[in-house]
Amino acid sequence: MTQDAIITVDTAALRHNVGVLRAAVAPRAVMVVVKADAYGHGAVESAKAFVEAGADWLGVADLDEALALRRGGLTAPILAWLHAPGESFEAAAAHDITPAVSDVAQLEAAASAGVRAVHLCVDTGLSRNGAVEAEWPAFFRRAAELADRLPVEGLMSHLSNASPEEDGKQAAAFVRARGLLGDLGIDPELSHLAASAAGLSYSGTRFGLVRFGLAAYGISPFGGRTAAEWGLRPALTLSAPVTTIKRVPAGEGVSYGYLFRPERDTTIAVVPVGYADGVDRAASDRASVTIGRRTYRVRGRIAMNALVIDVGDDPVEVGDDVVLFGDPASGHQSAEDWATASGGIAYETVACLSGALTRRYL
Amino acid sequence: MSAGYLRRATVDLAAYRANLSSLVERLAPVEVLAIVKADAYSNGIDVMVPEAVAAGVRWFGTVELAPALRLRRAGVALEASFFAWQLGPDDDYAGAVEHRVDLGVSTLEQLEAFADAARRAGSEALVHLTIDTGLHREGCLPADWAEFVSRAVALRDEGVVRLRGAFSHVSETSEADDHAASVVFRKALADAEGLGATFEKRHMSSSSAGMEHPERRFDMVRMGSNGYGIPVTEGVTASDRGLRPVLTLSACVVRVKRVPAGTGVSYDYTYRAERDTTLALVPIGYADGVSRRAQHGVEVTVRGRRYPIVGRVAMDQFLIDVGDDPIEVGDEVLLFGSGDGGELTIGEWAEATGTIPEEVSCRIGARVPRVYLGRRA
């Protein structure tokens with residue numbers, strides 16, 4: 001009977017989105033990325049929905065995330081690409097998790113551990129994970145030598161999304177990597193470069209598989225186009241009940257720092273959700289919420305466990321359900337709206353939601 | 001290359017105990033209530049509460065009722081009092097009565113519901129009357145105060161309510177505003193006494209006011225950030241107060257690469273290497289609580305030297321430019337900590353990323369394992 005904020009995830013929307021994305025890139029395979037607790041949606045439940053809807057692969061950053069999925073009963077192929085220094089890959093082998101490896105040391109460790117297969121990760125320009133081009137010959141040669149006991153199932157890289165031109169350069173580098181591997185007699189079944197943004201818009205970056213993160217959750221990876229324009233539906237709603245209603249006279253301060261002083265008498269409502277729940281404090285006095293069909297501004301500083309909204313003269317009551325963000329098709333603010341209010345990106349708005357929040361699945 | 005880990009939040013329990021012991025000693029005979037809301041600022045409430053008890057703390061504040069009930073049911077710190085004040089419309093008042101959790105009530109409805117639960121259980125409700133002295137969140141407004149107090153006194157006389165406290169929150173907007181709030185608080189206390197109410201604990205000050213304004217301590221001070229070694233008063237450092245930061249956030253380098261001048265770095269290539277240099281990949285990102293606002297040159301520390309974050313902070317990782325230094329895979333990267341290793345303190349990190357240290361602490365994600373140092377023998 002707690003009265004905390006709650007995350008509601010519409011798994012029908014998750015399934016719908018995978019269907020849309022599969023159709024958009026068919027006949028290519030689809031990997032849905034469920035790292036960072038499925039971008040705040042809850043990894044195990046979200047992954048189940050994605051797999052049911054036909055996701056061929058699940059992708060995570062690290063092996064701990066992959067192991068959590070296995071413990072949760074997921075049996076689909078899982079790829080993990082961010083590894084601790086000196087990672088032995090023994091847990092990966094024991095739980096049938098496929099590592100993407102970025103250098104010879106990781107390749108050797110994966111072979112020794114007896115993992116089923118690997119994907120080779122190459123840096124085509126982002127300068128993060130992956131072997132740089134100068135390292136490819138030695139890296140690929142060793143992969144070819146080990147291929148009998150450690151099949152190279154995939155080749156992957158990640159785009160910068162800096163511009164179509166830069167992404168084109170990265171795609172060209174990726175093709176060079178494929179060619180070099182081919183010369184060594186390796187033709188990976190799955191080549192994957194594009195993630196949500198490129199997967200939807202640049203068909204030239206789609207190879208055998210496309211990785212979808214944000215788009216699978218129904219959130220647009222672009223500034224300029226909404227998720228709805230892609231036929232995608234946001235799955236996550238963050239809401240909380242009003243705990244306090246108070247009439248405030250004109251000119252009096254509200255919340256820490258008295259950042260808000262109403263110009264006329266008004267009613268404020270306290271909502272028990274704050275930055276400890278993952279709501280960015282930078283959205284203070286800028287973001288909006290909805291109660292029913294009406295929209296209200298967040299006023300004053302967002303505190304650790306509470307925020308305050310100005311409801312004017314409306315008859316809002318204790319217990320009324322306040323939606324911070326959800327599906328704009330239902331009249332709610334979107335995760336993108338909150339990202340704009342806090343000067344961030346929608347990825348952050350959802351992925352930073354506290355793991356301690358209750359998640360309810362519809 | 002050495003073996004290492006991906007990311008880690010190290011919580012120094014000895015520092016936490018030392019901070020609280022020192023605060024308890026300095027404020028005596030005023031009681032110290034340790035704020036353990038938001039999972040003890042994400043340090044882990046189950047671990048932190050027994051440590052605070054060992055440091056002499058007998059009161060804890062959890063904001064919401066649920067964590068207090070959970071700790072009570074688990075038998076944690078049964079000798080201590082737990083205090084919650086952000087109550088929901090149908091909160092578990094019966095649970096609060098059964099498990100002797102103190103509640104700050106702001107409205108007649110809350111007071112009656114709590115008293116009802118006590119009446120049904122044949123027990124008493126541990127009540128703190130909440131006064132709104134200007135913050136306009138929880139609390140009874142001065143205009144409604146007399147009616148509220150009178151009802152509480154009647155319920156006390158009936159034997160179903162024990163008047164444990166009267167309290168308020170202040171806005172920390174300015175000295176003048178906080179002084180004005182303290183005047184409202186004193187008047188409310190005097191009015192309540194006139195109506196026959198006496199309170200065991202009167203409390204309005206939290207960390208900074210509790211340190212700086214002895215006259216506003218009353219019977220108890222709620223200590224949040226000071227306990228964690230992160231003083232929030234502008235211009236005051238932890239060491240100025242004799243406090244030690246409790247939390248260190250770190251990660252290990254997982255990749256180093258030499259790149260030529262002009263190389264674009266991370267999403268959108270917002271940074272390009274000005275000359276040939278070495279980049280190191282650090283596997284911790286905004287999902288772990290590293291704000292994207294850290295991307296413009298906020299410095300982390302490796303082997304005692306500072307290096308700037310370059311390019312965008314991503315969900316799981318960021319890059320640092322280590323120049324020509326011999327940084328290796330497995331090297332530990334300190335984002336913030338005590339400052340003893342040359343790293344930023346959490347206060348400096350917060351300032352560099354445009355926020356307050358409490359937000360930095362609370363938003364460290366679930367994917368970051370907590371490692372505890374300095375456990376009691």
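## Around A:A13

Setting aside neighbours within four places in sequence, A:A13 is in contact with A:G218, A:R233, A:P234 and A:A235, where contact means C-beta atoms, placed from the backbone, within 7 Å. This is a predicted model, in which local features need pLDDT of at least 70 and side-chain atom pairs count only at pLDDT 80 or more, while totals for chains, interfaces and linings use all residues. Residues are numbered from 1 along each chain as its sequence is written, and chains are lettered from A and ligands numbered from 1 in the order in which they are written.

A:A13 belongs to helix 1 (residues 11-25) of chain A; helices (H or I, at least four residues) and strands (E, at least two) are DSSP runs, numbered from the N terminus. A:A13 counts as buried because it has 21 C-beta neighbours inside 10 Å. The cut-offs are 20 or more other C-beta atoms within 10 Å for buried, 12 or fewer for exposed, and partly exposed in between.

## A sheet in chain A

Chain A has an open sheet of nine strands, in the order 11-12-15-14-13-16-10-1-17, with mixed pairing; strands pair if DSSP finds at least two bridges between them. Strand 11 (244-248) and strand 17 (358-361) are at the edges with a single partner strand each, so one side of each has no neighbour in the sheet.

Strand 13 (residues 288-291) and strand 14 (residues 294-299) of chain A run antiparallel, joined by four bridges. A:S288 has A:R297 of strand 14 as its bridge partner.

## Chain B as a whole

Chain B holds eleven helices and 19 strands. Of its 377 residues, 59% count as buried.

Methods
Two residues are in contact if their C-beta atoms, placed from the backbone, lie within 7 Å.
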